Amino acid sequence: MMTSLLNQTVLVIGGSSGLGLATARAAAGSGARVPIASRDDRRRLPAVASIGHDATGRPVDITDDRSVQEFFATGETWDHVVVSAAATRIGPIATMPPADAYDAVNSKFWGAVRVARHAPIRAGGSLTLVAGYLATRPAPGRALQSAINAALEGLTRGLALELKPVRVNAVSPGTIDTPLWQSMPDADRAAMFERVAAALPAGRIGQPEDIAGQIVLFMATPFATGTVVTIDGGASIA
Ligand SMILES: NC(=O)c1ccc[n+]([C@@H]2O[C@H](COP(=O)([O-])OP(=O)(O)OC[C@H]3O[C@@H](n4cnc5c(N)ncnc54)[C@H](OP(=O)(O)O)[C@@H]3O)[C@@H](O)[C@H]2O)c1
């Protein structure tokens with residue numbers, strides 16, 4: 001059975017870009033009230049405008065425990081919270097500066113923990129985390145991402161027991177065309193996307209909407225909890 005998101009409040013942390021923005025749009029399109037949260041006003045304000053449907057936005061930094069605590073100190077109880085916020089660096093463990101590796105874990109893993117700890121979510125509502133297919137499909141130069149994503153998948157299952165009756169799920173995306181890849185030179189990024197697409201059973205790179213659809217499904221499915229869904233174009237089986 002699926003329930004409606006009409007008039008439900010869906011908070012998307014990391015909703016100013018990529019998977020979070022697509023999720024915010026999908027939830028707003030399903031009738032939800034959608035506040036988004038992120039660090040940078042210059043990204044968040046245009047994102048709010050582009051979502052429409054009376055979306056709103058507020059600042060938060062998930063690497064800062066006080067910021068997360070203050071964000072949730074309004075007395076509001078949320079129907080659904082999504083954490084797609086993260087800023088992580090990619091590279092081999094052997095050459096990555098330890099401070100960068102620490103920052104990556106602090107952002108993506110501990111950021112999710114901070115939100116889980118402080119977010120007041122109603123009984124039967126949901127928390128959705130975003131991990132990544134590298135959790136189970138490692139690749140050279142991506143060991144840190146594998147570790148962070150595997151930790152998030154384990155966190156999801158554990159939190160589903162600790163936070164019940166709040167439901168906790170995670171999606172593990174494959175390679176998705178989002179601004180996350182914008183730091184690569186355009187030609188390199190296009191070549192990488194082409195290479196990855198050619199190797200995937202799905203025959204293409206993922207789009208943010210491919211992941212947003214699953215996140216909305218988690219929110220609207222009262223029986224879904226402790227679930228990790230990988231949507232990677234078949235990367236895990238290729
Ligand atoms: N794209 C992919 O191929 C892919 C694949 C697998 C997994 N993932 C995972 O999916 C998640 C979302 O990725 P994306 O591709 O949507 O990335 P994105 O387009 O770069 O968006 C990241 C979002 O997180 C926010 N953010 C970053 N650090 C934050 C912080 N400390 N506090 C609050 N907000 C913060 C950013 O806004 P501000 O900069 O304004 O704070 C932005 O809204 C990440 O965990 C990523 O690892 C992505």
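Helices (H or I, at least four residues) and strands (E, at least two) are DSSP runs, numbered from the N terminus. The model here is predicted, with local features needing pLDDT of at least 70 and side-chain atom pairs pLDDT 80 or more, while totals for chains, interfaces and linings use all residues. Residues are numbered from 1 along each chain as its sequence is written, and side-chain values use heavy atoms, leaving out hydrogens and water.

**Exercise 1.** Find the strand partners of β2 and the hand of each crossover.

*Solution.* Let's start at β2, residues 35-38.
- Step 1: β1 (residues 10-13) pairs with β2 in the parallel sense over two bridges; pairing takes at least two DSSP bridges between the strands. Ile13 has Ala37 as its bridge partner in β2.
- Step 2: Between β1 and β2 the chain passes through α1 (residues 18-29), in a right-handed β-α-β crossover.
- Step 3: β2 and β3 (residues 56-59) run parallel, joined by four bridges, and Arg58 of β3 is the bridge partner of Ala37.

**Exercise 2.** Which way do the residues of β2 point, and are they buried or exposed?

*Solution.* Pro35 and Ala37 point one way, Ile36 and Ser38 the other. All of them are buried, that is, under 20% relative accessible area with a 1.4 Å probe, protein chains only.

Terms used:
Buried means under 20% relative accessible area, exposed over 50%, partly exposed in between (1.4 Å probe, protein chains only). A crossover is right-handed if, with the strands pointing away from the viewer, the path from the first strand over the helix to the second runs clockwise.
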